[in-house]
Amino acid sequence: MSANMSVNMKQSGSAGASGAAASGAAAAAGSGSQQIKWTARNLPEQEHFYGHKACGGCGESLALRLALKVLGPDAYLSLPAGCMAAVSFIYPNMAFRNNAIITPFASTAAVATGVAAGLKALGKADPLSVAFAGDGGTADIGIQALSGAIDRGERFIYICTDNEAYMNTGIQKSGLTPFGAATTTTPAGKVIHGSITEKKNMFEIVAAHGIRYAATASMGYLEDFMNKVQKAKDCGGPSYIHVFAPCPTGWGHGSEETLAVAKQVVDSGLWYLAEFEGGEFRLNRNPETFIPVRDYLKRQARFKHLQDADIAEIERLRDAKWQYLRSHWTV
Amino acid sequence: MSEAAFLNGNEAIAYGVKLCRPDVIAAYPITPQTKAVEKLSQFVQDGEMATQYMHVESEHSAMACSIGASAVGARTFTATSSQGLLYMAECLPYASGARLPIVMMNANRSIATPWNIYGDQMDVMFVLNAGWVQLFVENGQEALDMVIQSYRLAEDTRVMAPVMLNIDGFVLTHTYEKVLIPDQADVDAWLPRLQVQEHMMQDNNPMSMCITAGNAHNMEFKVRQHQDLLRAEALLEEVDASFAAAFGRSWKGAVDAYRCDDAELILLTTGSVSGTARVVVDELRAAGRRVGLLKLRLVRPFPAARVAEVLRGARAVGVFDKNISFGYEGTIYTNVNSALLQHGCTAPTMNFIGGLGGRDVSRGDLVAAFDRLQLLADGAGAGASGIDRVQYLGMRCEA
């Protein structure tokens with residue numbers, strides 16, 4: 001059966017981290033009811049995603065790496081044709097220690113729930129099926145399959161790594177590209193200055209299904225992200241995490257600035273940290289003041305064309321959003 | 001002991017699926033397949049099947065869920081038709097490339113536009129190149145039996161390919177016939193549970209599936225997949241012989257030649273029209289004409305040598321197509337001509353396109369086809385001014 005389109009790490013001869021022992025905290029995570037609190041100190045050393053070919057400073061690959069430390073080796077992964085598939089499944093070098101499958105672009109959530117149903121049918125108690133997809137694979141081409149999968153109530157985790165454009169194909173606009181951002185299909189033109197649409201409210205769209213657990217996160221707040229992954233794992237039903245994951249290549253900032261950019265976006269109010277649980281929205285952070293959006297925008301090449309009026313519009317949109325969040329969600 | 005029942009083709013398929021004990025069914029309804037998935041849903045809701053039934057939101061997800069479930073070693077079933085088949089088309093080579101033994105019923109139906117819910121075989125012809133085994137059946141009993149045979153075929157490690165079971169929309173899916181339902185214990189004994197394969201995802205041997213292979217490796221994957229698929233022809237004969245020994249019915253493997261031994265004129269058919277053709281052959285034989293029927297049951301892999309072997313002695317060969325490859329001719333016709341040429345057969349051939357959009361194919365149409373073949377055998381096909389090699393049966397106006 002050598003013609004099968006599948007390979008594992010042993011066969012592909014990838015080296016690394018095989019002997020690293022999980023910390024005591026990770027061992028405790030498997031033992032059930034007691035909610036683990038993840039910090040930089042108790043994060044397992046064991047790597048599940050390494051040897052891949054992602055760009056330096058890639059926020060998305062870091063999100064996967066950290067999420068897998070929380071989820072552990074039993075998670076079955078489904079990823080669409082996108083950056084993470086392109087950098088980690090190149091025969092004969094495989095970068096996942098876990099079971100993992102590339103899905104047709106539109107069907108990440110469908111394949112992930114198929115995996116869950118298959119494992120359940122074969123008698124595996126409490127299978128852990130996890131989907132990782134970018135903003136395009138989630139908010140655009142994959143939204144139908146995601147909606148159907150949540151609706152079926154299958155237990156699976158869907159993690160959307162949002163880098164605000166189609167990066168794998170060369171930085172084209174997605175449904176989650178923010179107002180003003182230059183992409184290769186919304187360039188900073190003489191008449192139109194980048195994207196003229198706002199980000200789709202993906203988190204709220206997902207929550208509207210009455211999903212068991214959903215959260216937003218940012219790579220600028222890593223502990224918050226990892227603990228939300230743990231909550232998703234423990235919630236017992238379909239769950240969704242929307243994590244803001246900068247792309248230095250697509251956004252035009254230094255590869256060492258990824259985490260700083262991801263922190264600034266939250267601190268400037270252009271992204272928010274929130275949860276949907278038990279049918280209620282809750283803001284995890286509600287800063288009294290925001291840092292200037294200009295500081296966040298101007299360090300990235302995709303926003304460098306913005307004029308004062310554009311930046312004023314971005315502030316206006318932010319303020320309207322926060323007025324809504326503060327008046328409708330639990331603070 | 002089998003149980004006799006009065007079933008339509010959809011129900012026959014559903015009973016066949018139930019006997020195979022699939023672990024997961026993911027299906028989206030589409031006319032004329034609906035009664036099959038409704039019946040399966042009823043079995044599940046009544047507790048007669050221990051199956052995870054996934055109520056997917058589209059055919060694309062039906063196949064994607066099947067891929068996910070099959071990738072961990074679950075036996076899976078799905079069913080579709082027409083526009084649904086085209087909607088999931090992207091996922092079909094995905095499943096075959098990943099070597100996933102999914103079995104799918106396809107209720108053959110017309111393709112829009114013009115819209116039409118009735119039967120022809122335009123749909124499957126779009127996906128002949130998808131790397132799936134393509135089987136065609138003539139009646140309800142064959143449909144039920146071939147579901148069971150399909151799993152043996154798909155799950156055999158020599159082939160390890162998905163199987164599409166084509167059944168003519170309405171003519172078969174909605175027609176009631178007496179069908180024998182085999183005993184569950186007999187099917188259990190004949191069809192063992194699917195074992196999780198080495199290339200699938202499992203706890204103790206983590207696997208990366210549906211990988212990327214660049215230009216240094218891609219061609220080898222594709223050619224090996226093709227070579228394994230070719231083995232399905234011989235395997236189908238083996239599976240059928242084993243099935244016949246266990247259940248007392250043989251469907252003859254890739255082709256079923258009927259009264260072809262001394263036939264001068266042979267008509268080749270796929271699917272339900274074979275039944276009508278069988279009657280016409282008997283009638284013409286009774287009138288002293290040397291005619292035969294070659295029922296083609298397997299279209300991928302294409303049994304070229306077997307087809308040529310049967311047709312070798314004929315003076316003229318007709319190929320019935322319930323499809324048009326727009327801009328050329330019927331798809332089966334192209335395949336048969338290639339087979340004959342490769343195997344040195346020189347019999348003249350003619351294409352009869354009929355039954356599109358559910359148009360009835362009558363006995364009279366097939367008698368007329370044999371009359372045309374007689375003209376061809378007698379030399380009418382020679383030269384540029386000869387008889388048109390592509391003929392349309394039952395047209396209401398001039399072609």
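Predicted model: local features only at pLDDT ≥ 70, side-chain atom pairs only at ≥ 80, totals over all residues.
**View 1. Helix 5 of chain A, an enclosed helix.** Helix 5 of chain A covers residues 108-121, which makes 14 residues. From its first C-alpha to its last it reaches 20 Å, close to the 20 Å expected at 1.5 Å a residue. Is this helix enclosed or open to the outside? Of the 14 residues of helix 5 of chain A, 14 are buried, so the rest of the structure largely encloses it. If you look past the helix, you will find A:G123, which follows it and has a positive phi near 95 degrees.

**View 2. Helix 5 meets helix 7 in chain A.** Two packed helices are described by the angle between their axes and the distance between the axes. Here the axes of helix 5 and helix 7 (residues 143-152) of chain A come within 7 Å and cross at roughly 35 degrees. On the helix 5 side of chain A, the contact is made by A:T108, A:A109, A:A110, A:A112 and A:T113. Helix 7 of chain A brings A:A145, A:L146, A:G148, A:A149 and A:R152. Sorted by class, this contact of helix 5 with helix 7 of chain A has six nonpolar, three polar and one charged residues.

**View 3. Where chain A touches chain B.** Chain A gives 42 residues to the contact, and chain B gives 49 residues. Which elements supply the chain A side? Strand 1 (6-7), strand 2 (76-80), strand 3 (89-90), strand 5 (100-103), helix 5 and helix 7 of chain A each supply at least two residues. By class, the side of chain A that touches chain B has 25 nonpolar, 14 polar and three charged residues.

**View 4. Strands pairing between the two chains.** Strand 5 of chain A pairs with strand 9 (residues 208-209) of chain B in the parallel sense, over two bridges.

**View 5. A hairpin in chain A.** Strand 10 (residues 274-277) and strand 11 (residues 280-283) of chain A run antiparallel and are joined by four bridges. A:A274 has A:L283 of strand 11 of chain A as its bridge partner. The hairpin has two residues between the strands, and A:G278 takes a positive phi near 55 degrees.

**View 6. The two domains of chain B.** The domain assignment divides chain B into domain 1 (3-192 + 216-247) and domain 2 (255-392). Taken over C-alpha atoms, the centres of the two domains of chain B are separated by 27 Å. In the contact between them, 28 residues of domain 1 of chain B meet 21 residues of domain 2 of chain B. The largest share of the domain 1 side, four residues, comes from strand 6 of chain B. By class, this side of domain 1 of chain B has 16 nonpolar, eight polar and four charged residues.

**View 7. The seven-stranded sheet of chain B.** Seven strands of chain B form an open sheet in the order 3-2-4-5-7-6-13, with mixed pairing. Strand 3 (52-55) and strand 13 (298-300) of chain B stand at the edges with a single partner strand each, so one side of each is left without a neighbour in the sheet. Neighbouring strands are turned by 20 degrees against each other on average, direction ignored. Strand 13 of chain B pairs with strand 6 of chain B in the antiparallel sense over two bridges, and B:Q134 has B:R300 as its bridge partner. Helix 3 (residues 59-70) of chain B lies across strand 2 (24-27), strand 3 and strand 4 (76-80) of chain B, and runs at about 165 degrees to strand 4 of chain B.

**View 8. The six-stranded sheet of chain B.** This open sheet of chain B has six strands in the order 10-12-11-14-15-16, and its pairing is mixed. Strand 10 (255-258) and strand 16 (390-392) of chain B are the edge strands, each pairing on one side only. Within the sheet, five bridges join strand 14 (residues 316-321) to strand 15 (residues 349-353) of chain B, which run parallel. B:F320 stands opposite B:F352 in strand 15 of chain B. Helix 14 (residues 363-380) of chain B packs on the sheet, touching strand 11, strand 12, strand 14, strand 15 and strand 16 of chain B.

Definitions and conventions:
Residues numbered from 1 in each chain as written. Chains lettered and ligands numbered in written order. Expected span 1.5 Å × (residues − 1). Buried ≥ 20, exposed ≤ 12 C-beta atoms within 10 Å, placed from the backbone. Axes fitted to C-alpha atoms, helices over the stretch in contact; angles between N-to-C directions. Contact = placed C-beta atoms within 7 Å. Nonpolar A, V, L, I, M, F, W, Y, C, P; charged D, E, K, R; others polar. Domains from an automatic or database assignment. Pairing = 2+ DSSP bridges.
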